[in-house]
Amino acid sequence: MIQKSDLVVRLVFIVVAAVIVLWTLFPIYWLAVTGVKTQTDVLTSPPVWFPKPDWHFYRDVLSESGISQGVGYIALRDSLIISMGTTLLCVILGAMAAYVCSVFPANVPTGGKSMAFTILTFRMFPPIVPTIPIFWLFFLLGLLDTHLSLIIAFTTFNLPFAIYMMKTFFDDIPRPIVDAGLVDGYSPFKLFWKIVLPLAVPGLVSVTALCFVFAWNEFLMSLILTSTAVRPYTVLLATWMTAMEIAWAHRAALAVVGIIPPIILVWILRDRLVRGMTLGAVR
Amino acid sequence: MQARRRFVNPVWMFTPGFLIILVISIVPLIFSVYISLNAWSLAGGKPPELNWGLNYVWMVTDPRFLDSLVRLAYYAGVGVSLQLILGLIFSTAIYDGIRSARMRSIVLTVCLTPMLVAPVAAGFSWWMMDHSTYGVINYYFTAVGLPYVDWLGDPRIALTSVMIAEIWQWTPFMMLILYAGRLSIPASLYEAAELDGARSLLVFRRITLPSLKKFIALAVLLRLIDSYKFIDTLFIMTHGGPGTSSELPTLYIYVKAFEQLQLGRAAALSWAITLLAIIAGNIFLKMQERS
Amino acid sequence: MGAAAIGAAAVVVVGGVAYYLSTQAPPGPPPATTTATATAPTTTAATEVVIPRPNPNSPGYGLKAGDIRSFDLILPSAKKKIEGTKLSICYDTPPADPLTIWYPDEWKRVAGVEIAEKTMIPLLNMHDRLMTQFTMGTAKYDLISLWPMQLGEFVAKKWLSPMDDYFDEFGYPGMDDVLPRFRYPFCMWEDKTYGIPIDGDILCFHYRTDLFQDEALKSKFENKYKYPLEPPKTWEKAADMAEFFSQQLGSKGTYGTQIFGKDIFLWAWYGNIYHSFGHQWWDEDLNPTLNVNGDGVRALNLLQRTMKASPPGVMNYSVDETIEAFLAGRVAFTLWWPDLWEFAHSTYLGSKIIKVHDVGQCPGVEGREDKWTTTSPVGRMLVIPSSSKRKEAAYWVAQAMAGQTDMSLATVTDPMCGLDTYRYSHYAHPEWFLKKNPFRPPEGDVEPNEPNVDPAVWGEEPALAMANRYMDAHKANVEHSIPQPTWLDAYGYMLELAHQVSAFLLGQKSAEKALEDAATSFKDLTDRIGKDEQKYVWGIIRESYKKAGVEF
């Protein structure tokens, strides 16, 4: 029997859920809409919710030779290069390291488990702390203001997380399978390549996606380690100003274009991401 | 009987990753200790000279730093508490309020989007909405009779405005953890309560919350750590302003190092924050070990 | 055991790096490059000509202040030397269009010099980026649009190359034509020329004429304050008027004035008032003089009154917000750089006050109305880094764009770039405000190429009268200007001052405490830099003030 109070409670929950969705999406909607506004629409009061769309900012951000001479396009391209490089490096190095920590903890200096934990502690550092000396280190190595510098820096900061997460996925693989491989005479690398890795792929894919999103959205280290030759879109977003006007529309357009890759990734992988996003708290 | 085989030590698979972490983060950290013992300012032209612990002495008497610590306590304490409360509400609303599992999954994914937005982009959006003249928020506030609020220009409110943007962006994180926690509560507990005719609020208090304790603790710790780590939103919304009324310690380190160009003092400040990091890290590890 | 090994290795590596860095000499002067062959005769071909000093054939020779020449003059021998050079330039937003879009084709056509690498740094990052890049030696520019505040630091560290040796072959920059207040403190250092200005900044008083001429407002004001409502000659009166306007019109969204609440420029808004009391930032011995006879507190209180009569959110106002507020008619008057007058005529920039604004002199303080002062907070000049390998080509471009040329005149009269007047020759040719910029490419630019005051819209004579009025106001303000600090780490000092003023305005400190803390920071900075070095530099600067006619 459906009770009246039940219905009321249910209704309340649904209304609350609707409010939550609106609250969640409004700032993103506002960004998207500002990107299509003309300058007059941007700077009016009352604010315009449904402007007549002027797509030239979005076009400009995505084209190599628009009004802004491709600044937005180059920034997005730089971000892509850096994010893909970071992800590649993180996945390769991280998977291998996590595999050793998980399957052969005895071979890892100071023991696999505590090494993984220690590595994770570095996640606790604010990025600014090591970035100051890294800045000088890269200067000595001649790496400042290059894509490589950011790829290396991001990999370094992301590896602990990646290793830790991937280790949990490797831990999930039933030990008998691994042992069977060892008995059969597989070398550790062959075991990794032929047996363990294929089994852990679904989980690894999600860690990869999160690595990409981290590198794509990173701001502070990018700001410090680059100045002019390389400019990820996050840095451009913070500093893009024209000489004389309040220029919201093209920054908004850039921000929205920047949201799209993570959203696509996460939408595709949505069922698998819980563990990564909650840092292993939830399996 | 095991066949004799040459066992290639797999540590070579571990080493590249480990080396990168060592060289690019641990070594610079140690170098940063060295910098913090020097008086080194890029402006003026004197090369770095050792002044031992003087930077640290300066640090503990620097009013700007001490004020920023107080602000951090407010920002982390209030911010994370609000995120927790909202996260509880959100996760409960979605878990209990939406019947169809498919709908739940869609709504959940939609609610994750704030976490995917670059913090700078989120900050920019909120900056536009909080704008003193053309911001949406003030327009509707004054339209319904609420007072006009100078979100980013009033020194008493600026930090709170940034905190609101952070809450918007990271409550989904809390929500996700708590939601997953809800999933793990055995249904039998709830069935027993239903049999006893308990009302929903009581059920919530007596059954749901205690079962979620572990998840709550983890989520709160992770968010506390992030609250002193990330300054992207703060950077783009107020940059510590107006004046220094919304400056957090991490932003102060950035300002000292890259705007005032005083590297020795900045390094000393960064070690103070690192202390926080080490303490937080240890707590996290202990918690993980216990679970 | 493994951990101990790793730890030991790390310490060894770090120790090595630290030792290496500590033995690095600070970046010294780069190897001396040979200057233009103006002095020694070449010994190869017999047809090589010795370039005389001074060279009557060189572009710009013999011009008097107020004269003007064509930018495209170049000696054949000079052209042969610099043809085909590709330059790398560094600049911030306002000079971006002229340097990278408008004029490069012309320079290529005339001298064969190309602008190959373009580096734009936002103004507020210029100081830290350039300092870091130059300290590390990674700056690879041939020409930089430099903020004068950095002059002392850059010259002391030998990062800039003097330009005097290039005059005879590549063109005279007409330094006599540069207004003395810009020439001596900003471009010269101990009799050598380090920069040619492209932007002569000065704070002017901009206001809405309709509000100041409104009969109803005028009678209300006079009834209340017992003196007429007109552009104020003192800050006390300005504060009264600001409060009055805010009170009367605040509910309709129009306020008295605005200040530059964010960023470093707060020092200049405060300096405008404080210097009017007749004080500098410190004395000959580098003792801070920030609150002589309590005048600092008075100045702060006046500034605070104007801040309270500003639109909400003003403490976050930066460049674009302050422009937008005036152009939208949201403030009755404001201090701003001269080009606000140019922007306010533009429909393209959305000005709503096109017909009802004007510019005049800045206020002084009571008792010193005739000794009113204004500050020149930014300004830009083209400088050549000593590490450049293409100094001659860089110099030719600099003197073409910023010398005593028509190109320089066209630039400062173009409303679409934020560069302002800095020469007597600019004053002498106000009719250029009525023309379009003839050197801009015919297409490919977003911003329209319009005259500042279009005679078609205003009428020929009224337009010329407006241009003259603008130049008169500019002249008056320049003659009463106090140059911005150019000593070692001047930027750092002013940043501290702005920080303290901001703390006071936000109610976090009393005025006395703010100024005391600022004085303490000044002393701290001086100690860190070295008192003797700073004193020496300050001595040079004071000499340049004497030449420029600056008095307190």
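Visitor: Where in chain C is the place of C:Asp191?
Guide: This is a predicted model, in which local features need pLDDT of at least 70, side-chain atom pairs count only at pLDDT 80 or more, and totals for chains, interfaces and linings use all residues. Residues are numbered from 1 along each chain as its sequence is written, while chains are lettered from A and ligands numbered from 1 in the order in which they are written. Helices (H or I, at least four residues) and strands (E, at least two) are DSSP runs, numbered from the N terminus. In those terms, C:Asp191 is in the loop between strand 4 and strand 5 of chain C.

Visitor: Is C:Asp191 buried or exposed?
Guide: A residue is buried if 20 or more other C-beta atoms lie within 10 Å of its own, exposed if 12 or fewer, and partly exposed in between, with C-beta atoms placed from the backbone. C:Asp191 has 10 C-beta neighbours inside 10 Å and therefore counts as exposed.

Visitor: What is the phi of C:Glu190?
Guide: C:Glu190 lies in the loop between strand 4 (188–189) and strand 5 (192–193) of chain C. Most residues other than glycine have a negative phi. C:Glu190 is not a glycine, yet its phi is positive, at about 50 degrees.

Visitor: Which residue in strand 3 of chain C is the bridge partner of C:Ile89?
Guide: Two strands pair if DSSP finds at least two bridges between them. Strand 1 (residues 86–91) and strand 3 of chain C pair in the parallel sense over 2 bridges. Strand 1 of chain C is also joined by 6 bridges to strand 2 (residues 114–120) of chain C, again parallel, and there C:Ile89 stands opposite C:Lys118. In strand 3 of chain C, the partner of C:Ile89 is C:Leu143.

Visitor: Which residue in strand 11 of chain C is the bridge partner of C:Ile144?
Guide: In strand 3 (residues 143–146) of chain C, C:Leu143 and C:Ser145 point one way and C:Ile144 and C:Leu146 the other, and all are buried. Strand 3 of chain C pairs with strand 11 (residues 380–383) of chain C in the antiparallel sense over 3 bridges. The partner of C:Ile144 in strand 11 is C:Val383.

Visitor: Which residues have the most contacts inside the largest nonpolar core?
Guide: A nonpolar core is a set of buried Ala, Val, Leu, Ile, Met, Phe, Trp, Tyr and Cys residues joined through C-beta atoms within 7 Å. The largest has 342 residues and draws at least three from each of domain 1 (76–201 + 378–452) and domain 2 (204–377 + 480–530) of chain C. Leaving aside neighbours within four places in sequence, C:Val397 is in contact (C-beta atoms, placed from the backbone, within 7 Å) with C:Leu87, C:Trp107, C:Val113 and C:Leu143. The residues with the most contacts inside the core are C:Trp396 and C:Val397.

Visitor: Which helix gives the most to the side of domain 1 of chain C that touches domain 2 of chain C?
Guide: The domain bounds come from an automatic or database domain assignment, and the two centres, taken over C-alpha atoms, are 29 Å apart. The contact takes 22 residues from domain 1 and 21 residues from domain 2 of chain C. The elements of chain C that give two or more residues to the domain 1 side are helix 5 (123–136), helix 6 (151–156) and helix 8 (180–187). With 4 residues, the one that gives the most is helix 6 of chain C.

Visitor: How many residues does helix 1 of chain B give to the side that touches chain A?
Guide: In the contact between these chains, 80 residues of chain B meet 77 residues of chain A. Helix 1 (residues 11–36) of chain B gives the most to the chain B side, with 15 residues.

Visitor: How far apart in space are B:Phe31 and B:Ala267?
Guide: B:Phe31 is in helix 1 of chain B. B:Phe31 is buried because 24 other C-beta atoms lie within 10 Å. In sequence, B:Phe31 and B:Ala267 are 236 residues apart; in space, C-alpha to C-alpha, the separation is 9.6 Å.

Notes:
Contact = placed C-beta atoms within 7 Å.
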